[in-house]
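Please look through the structure below, one region at a time.

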Amino acid sequence: MSSHKRIVVIGAGYGGVHAAKLLSKKFKNDSTVEITLIDKKTYHTLLTDLHEVAGSRIEPDSVRVYLHKIFANKKVKVITDEVEKIDYERQSVIGKDGEYNYDYLILGIGSEPCDFGISGVFEYGFTVGTLEAAIKTREHIEEMFRKASVESNAEKKRKMLTFVVAGAGFTGIETAGELMEWTKSLCDKYHLDRNDVKIMVVEALNTILPNLNARLAAKTQKFLNRKGVEVLTNAPIVEVAKDYIVLKDGRKIETKTLIWTCGVQGNKCVENFGLELGRRCRVQTNEYMQAVGKENIYVIGDLAYYELEGKPIPQVVETALQSAETAVHNIVADIKGEEKKPFKPRYHGFMVSIGSRYAVAELMGVSLTGFLAMAMKHLVNMHYLFGVAGVDAVLSYIYHEFFEVKSNRSILGGHIAAHIPIFWLVLLRIYVGALWLIEGINKIQQGWLDPSKIFIITTSDVSGATAKAGEAATAAQALQPLLKEPPAFYKWFMDTFVAPHAFLFQAMVVLAEVAIGLALIAGLFTALASAGSIFLALNFILSAMADKSILWYIFSAIALMGGAGRAFGLDYYVIPWIKNWWKKTSFARRTYLYVS
C-alpha cells in the first residue's frame with residue numbers, strides 16, 4: 001500500500017467542516033496526507049439559524065460562512081462539485097465535474113425533510129431545511145400579507161393569514177416564534193389587523209419539544225399561547241392540499257401556508273452509493289462510525305444511523321460534531337496503527353429560541369428560561385463560529401444579531417441598533433475636533449514643545465516627581481478639578497515613567513491633541529481618534545488637572561465612535577479601502593485559523 005494517503009470529506013455541513021479542520025490540524029506537517037473537502041456550494045450554512053431567515057429577522061448572508069475563509073491557510077483542498085456516485089473498487093468519488101480518488105472517505109452530506117408518506121407535503125408545503133427553502137418560505141409569507149391587504153373576500157383573506165407550522169420540535173417551535181414576531185411588523189406594513197392573523201403549531205405527539213423536560217415544554221407552550229399562537233398536540237396531519245390540511249381526527253384547517261418541520265431523513269442521494277441503509281435513508285454504521293462492510297468509509301452527522309440503548313443517535317449539531325471527532329480519530333488511528341475508539345456522545349444540552357427575546361434551555365441538567373437562556377444561545381453560537389472561522393465570523397454574527405436588527409427584534413431590542421442617521425453627528429465631530437486642535441495650538445504657543453519648559457511635572461522635595469499636570473497651563477483659570485490630587489497608582493506612574501522623560505511625554509500630549517483635532521475635523525479614523533480623545537481626557541482627570549467640563553469630551557467621543565466619520569468625512573473612502581486591502585493580506589487569512 002502506498003504511504004501517501006488521500007482523505008476525502010463529502011459535505012460542508014457542521015460535521016464535514018469540523019472533520020476537515022481536525023484532519024488539517026492532525027496532519028498539518030505531514031506531507032504524505034492529502035485532505036479534500038467537496039461540496040456543491042461554496043459556503044457552509046448555519047442551519048440552526050435558518051428559521052431566523054425564514055422569519056425575516058436576519059438576512060441570508062448572515063448564515064453563510066464561505067469555505068475559502070474557513071480553510072484559509074489550512075491543509076484542505078476545497079472543491080465545489082456535486083457528488084453523484086462512488087466507485088468502491090477504484091476508490092473514487094464521481095462528481096458532475098470530476099473524479100476524486102480516496103484512501104479514506106467521510107460522508108457528511110446531511111439530511112433533508114421527510115414527508116412520512118403524506119401526500120401533498122412537498123407539493124404544497126414549505127420548509128426551512130435549506131437556505132433556498134428558508135428564503136422561499138420568507139417570500140411566500142410576505143406575499144400572503146401583501147395579497148391579503150388588497151383582498152376583499154373574507155374567506156380568501158382568512159386562508160392567506162392562517163399560518164400552520166407542522167411539527168413542534170426545535171425547528172418548528174423556533175419557526176413559530178419568528179412568525180409570532182414578524183407578523184406584527186407585517187401587519188403594520190400592510191395595514192392589517194393583527195387579530196386577523198392566525199398562527200398554529202400542529203404536533204402529532206402528545207407534547208411539544210419532546211427532547212426537553214416537561215417543565216420547559218409546558219413553559220414554552222404557555223408563552224406561545226400568551227402570544228396568540230395556537231398549539232395542537234395529538235394532531236397528526238394526514239393530507240396536505242393547496243388550500244387546506246386535514247388532521248387524523250377529520251378536522252380541516254384552511255390555509256395557504258404550511259411550514260413542514262416534522263422530521264428529517266438522510267439525503268436521498270445516498271441511495272445511489274450502494275451502502276447499507278438504516279431507517280429513513282440513513283447509512284448504517286458500526287460503533288466506530290464506519291459504514292457497514294466498508295472499513296475505509298466513515299459516516300457522520302444526520303446521515304449516520306447507529307443505535308445506542310435501542311435508540312438512534314439524534315440528528316442534532318452535537319451529534320455531527322462528535323461523530324466527526326470519532327471518525328477523524330479512527331482514521332488517524334488506522335494510519336498510525338493505533339487503537340480505534342467507539343462513538344460515545346456527550347450531549348451538553350439543548351436550547352430553543354421563541355422569537356428574538358425569549359428562549360428555553362437545558363444545559364448540563366440545568367433549566368434556563370427567558371433572557372438568560374437566550375444569552376446562552378448567543379454565546380454558544382459565537383463559540384461555534386469562532387471555532388469555524390475565527391474572530392471575523394463572531395463580529396459578523398454580533399453585527400447581524402444585535403446591530404442590524406429590524407423592528408427591534410434582538411435580545412436587547414433596538415437599543416444598540418446601528419441604523420441611525422450619522423450625518424447628525426457631523427457638526428459635533430467637527431466641533432470636538434476644533435476644541436482639541438485649539439487646545440493643542442494653545443499649548444504650542446505656551447511653549448510645550450520647548451525642551452527647556454516642563455509643564456506636566458514639577459519637582460517635589462517629598463516624592464521627587466509629584467504629578468501637578470497643567471499647573472502653568474491652568475494658572476489663569478480657577479479650576480475646580482474632579483480629583484483633588486492624583487490617585488496613588490497614577491502618582492507612581494508619573495514618578496516612574498513620566499518624570500525621567502518629561503519632555504517626551506509633554507510633546508506627545510501636544511501632538512496627540514493636534515492629531516485628534518485634525519482627524520475629527522477631517523473625519524479620518526474617527527473611531528480611533530475618539531478613543532484617543534477618551535484616553536487623553538481620562539489622563540487629565542487622573543492628573544487632577546481637569547474639571548467636570550472634561551466629561552463632555554468623553555461622552556461626545558463615545559457618540560462619535562459609531563461611524564461619525566462616514567458622513568462627510570474621509571472615513572467614507574478610507575475605511576472601505578483598508579478593509580479590501582486587509583482581506584488580501586496573509587495575516588488576515590491567518591486570522592481564520594483556530595487552534596482548538
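In which loop is the place of Ala-291? Ala-291 sits in the loop between β19 (283-284) and β20 (297-299). Strands are DSSP runs of E with at least two residues, helices are runs of H or I with at least four, and both are numbered from the N terminus. This is a predicted model, in which local features need pLDDT of at least 70 and side-chain atom pairs count only at pLDDT 80 or more, while totals for chains, interfaces and linings use all residues. Residues are numbered from 1 along each chain as its sequence is written, and side-chain values use heavy atoms, with hydrogens and water left out.

Ala-291 counts as buried because its relative accessibility is 3%; buried means under 20% relative accessible area, exposed over 50%, and partly exposed in between (1.4 Å probe, protein chains only). Leaving aside neighbours within four places in sequence, Ala-291 is in contact with residues including Leu-275, Ile-297 and Val-299, where contact means heavy atoms within 4.5 Å. Leu-275 is 16 residues from Ala-291 in sequence, and their C-alpha atoms are 7.3 Å apart.

The next topic is cysteines. How many disulfides does a search of the whole structure find? The search finds zero disulfides, a disulfide being a pair of cysteine sulfur atoms within 2.5 Å. Cys-114 is in no disulfide, and the nearest cysteine sulfur, that of Cys-262, is 9.3 Å away. Cys-114 counts as buried, because its relative accessibility is 6%. Cys-262 has 31% relative accessibility and therefore counts as partly exposed.
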